[in-house]
Amino acid sequence: GNYPPYSYLGAITLLHKDIEILNEEAKVIIHFLKRDTLKILGPIELIRLMDQYRLRIVVKGKNEKLISSLLYEVYKYHLESKKKSKLEIDMNPYVLD
């Protein structure tokens, strides 16, 4: 199988009122996440909530430690670079709405 528990998923959701800011941040994150052993899905535009655009990036692979450490690095980068968007990270999400 290609889904948990046989492979692992990590979901990154970016939220902001300006879709262009989200697209630029998504490009940087996708470039950072690219690995031969991982599949990157997205960015996918989700339904707007409370006047905020939402973009989702999904990372899929068999190495859970690699995915979780990369997601942590994305979190640290986002925090340190003081990005204007909000970042949500979910490891092995139940729902990808």
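**Entry 1. Layout**

I counted the elements in the protein chain and found two helices and four strands. The model I am reading is a predicted one. I then followed the order along the sequence and wrote down β-α-β-β-α-β.

**Entry 2. Size and packing**

I took the box around the C-alpha atoms, along the principal axes, and noted roughly 40 × 25 × 15 Å. Does the radius of gyration agree or disagree with that of a compact globule? For 97 residues such a globule would have a value near 13 Å, and the protein chain has 13 Å, so the two agree.

I looked up burial next: 35% of the 97 residues count as buried. I also looked at contacts between residues at least 6 apart in sequence, and 69% of these join residues at least 24 apart.

**Entry 3. The largest nonpolar core**

I listed the largest nonpolar core and got 17 residues. Those touching the most other members are I12, L14, I29, L33, I57 and V74. I checked which elements give two or more residues to this core: they are β1 (8-16), α1 (19-33), β3 and α2 (64-80). Which of them gives the largest share? I found that α1 does, with six residues.

I went to S85, in the loop between α2 and β4 (86-91). Is S85 buried or exposed? Its relative accessible area is 5%, and the limit for buried is under 20%, so S85 counts as buried.

I looked for polar contacts of the S85 side chain and noted two partners. Another, of 3.1 Å, joins it to the side chain of H78. Beyond four places in sequence, S85 is in contact with L14, L15, H16 and L22, as well as with E25 and H78.

I then turned to H78, which is in helix α2. H78 has a relative accessible area of 10% and is therefore buried. H78 and E25 are 53 residues apart along the chain, yet I read 9.2 Å between their C-alpha atoms. With neighbours within four places left aside, the contacts of H78 are L14, E25, K83, S85, K86 and L87.

**Entry 4. R54**

I found R54 in strand β3 (residues 52-61). Its relative accessibility is 10%, so this arginine counts as buried. Where does a polar atom of the R54 side chain lie 2.8 Å from a backbone oxygen? I traced that oxygen to I47.

I listed what R54 touches, not counting residues up to four places away in sequence: T13, L14, L15, L22, I44, E45, L46, I47, L49 and D97.

**Entry 5. Rings and charges**

I searched for aromatic pairs and found one in the structure. I also searched for charges over rings. The charged end of R48 sits over the ring of Y53, at 4.5 Å from its centre. R35 lies over the face of F32, with 5.8 Å to the ring centre.

Technical notes. Residues are numbered from 1 along each chain as its sequence is written. This is a predicted model: local features need pLDDT of at least 70, side-chain atom pairs count only at pLDDT 80 or more; totals for chains, interfaces and linings use all residues. Side-chain values use heavy atoms; hydrogens and water are left out. Rings of Phe, Tyr and Trp (its six-membered ring) pair if their centres lie within 6.5 Å; planes under 30 degrees apart count as stacked, over 60 as edge-to-face and the rest as tilted. A charge sits over a ring if NZ of Lys or CZ of Arg is within 6 Å of the ring centre and within 35 degrees of the ring normal. Buried means under 20% relative accessible area, exposed over 50%, partly exposed in between (1.4 Å probe, protein chains only). A polar contact is a pair of N or O atoms within 3.5 Å; within protein, one must be able to donate a hydrogen and the other to accept it, and residues adjacent in sequence count only if both atoms are side-chain atoms. Contact means heavy atoms within 4.5 Å. A nonpolar core is a set of buried Ala, Val, Leu, Ile, Met, Phe, Trp, Tyr and Cys residues joined through side-chain atoms within 4.5 Å. The radius of gyration is taken over C-alpha atoms; the globule rule is 2.2 Å times the number of residues to the power 0.38.
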